[in-house]
Amino acid sequence: MKRIIGVALIILISSILFALPVALSFETWNSKAITGSAASVGVSVGILPSLEVQGAFLTELTPRIGNRIGAVGTLTFGLVNPHYYKDPDRAPLYYNALLGVGYLGGWNGAEGKPFGEIFVRLTPLSLGASYYRTRERAFGIGVGFDHYTHTWSFIVNMFAFDRYL
């Protein structure tokens, strides 16, 4: 009985997942919590036409690769246009602007302590969508609150690439 329920859940979850637009994402990061340039690799899933969930693993690139490692989770809203339409023949606009709310956190290996930041980010230039199978995002800017040090910081995402499956 447990196997039947497990198989049924796997089938249900995979059918829901593959009915939604899913993308592999690469993104650059810069923030006071990270202190250097970083990059993240993860997955974006459009759970509603105007709402997307992103999850990614993050690693610091400078001054030492892997000094800080962690994860990023973001809820992203399409401001100009939906991310996708339920009708597969209807194409969304190629341009969009995005507003994201999320959390960036992980472990600082050099100092031996955690870091974490709650942020709000605006990406004014997003070109592409799941209909076009690719999306490029540029000039994401935002503010973050580091709850460990109780400080505010400026967040910059120079570019991001999404490739839809």
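Is Ser130 buried or exposed? The relative accessible area of Ser130 is 13%, and the residue is therefore buried, where buried denotes under 20% relative accessible area, exposed over 50% and partly exposed the range in between, for a 1.4 Å probe and protein chains only. The structure is a predicted model, in which local features need pLDDT of at least 70 and side-chain atom pairs count only at pLDDT 80 or more, whereas totals for chains, interfaces and linings use all residues. Residues are numbered from 1 along each chain as its sequence is written, and side-chain values use heavy atoms, with hydrogens and water left out.

Ser130 is located in the loop between β6 and β7 (134-146); strands (E, at least two residues) and helices (H or I, at least four) are DSSP runs numbered from the N terminus. Residues up to four places away in sequence being set aside, Ser130 is in contact with Pro21, His83, Tyr84 and Tyr164, a contact being heavy atoms within 4.5 Å.

Ser130 also belongs to the lining of the second largest cavity, together with Asn81, Pro82, His83, Leu93, Asn96, Ser126, Gly128, Ala129, Arg135 and Tyr164. On a 1 Å grid over the protein atoms alone, a cavity is a set of points where a 1.4 Å probe fits but cannot get out, a pocket is an open set with protein on both sides within 12 Å along at least five of seven lines, and lining residues have an atom within 4 Å of a point. The volume of this second largest cavity is about 60 Å³, a volume being the space filled by probe spheres set on the points, with grid points joined across faces, edges and corners. Strand β6 (residues 113-129) contributes the most to its lining, with three residues. The lining comprises four nonpolar, six polar and one charged residues; Ala, Val, Leu, Ile, Met, Phe, Trp, Tyr, Cys and Pro count as nonpolar, Asp, Glu, Lys and Arg as charged, and the others, Gly among them, as polar.

In total, four cavities of 30 Å³ or more are present. Two or more lining residues come from each of β1 (22-29), β2 (38-48), β3 (51-60) and β4 (68-78), and β2 provides the largest share, five residues. Five nonpolar, seven polar and one charged residues make up this lining.

Charged residues also form salt bridges, defined by a side-chain nitrogen of Lys or Arg within 4 Å of a carboxyl oxygen of Asp or Glu. Seven such bridges are counted. Arg121 pairs with Glu27, with the closest N and O atoms 2.6 Å apart. Because Arg121 lies in strand β6 and Glu27 in strand β1, this pair ties together parts 94 residues apart in sequence. Arg121 and Glu27 are buried.

Arg135, which also lines the second largest cavity, takes part in a salt bridge with Glu52 at 2.9 Å, N to O. Glu52 in strand β3 and Arg135 in strand β7 are 83 residues apart, and both are buried. Arg135 forms a further salt bridge with Asp162 at 2.7 Å, N to O. Since Arg135 lies in strand β7 and Asp162 in strand β8, parts 27 residues apart in sequence are tied together. A network of salt bridges links Glu27, Glu52, Arg121, Arg135, Arg137 and Asp162.
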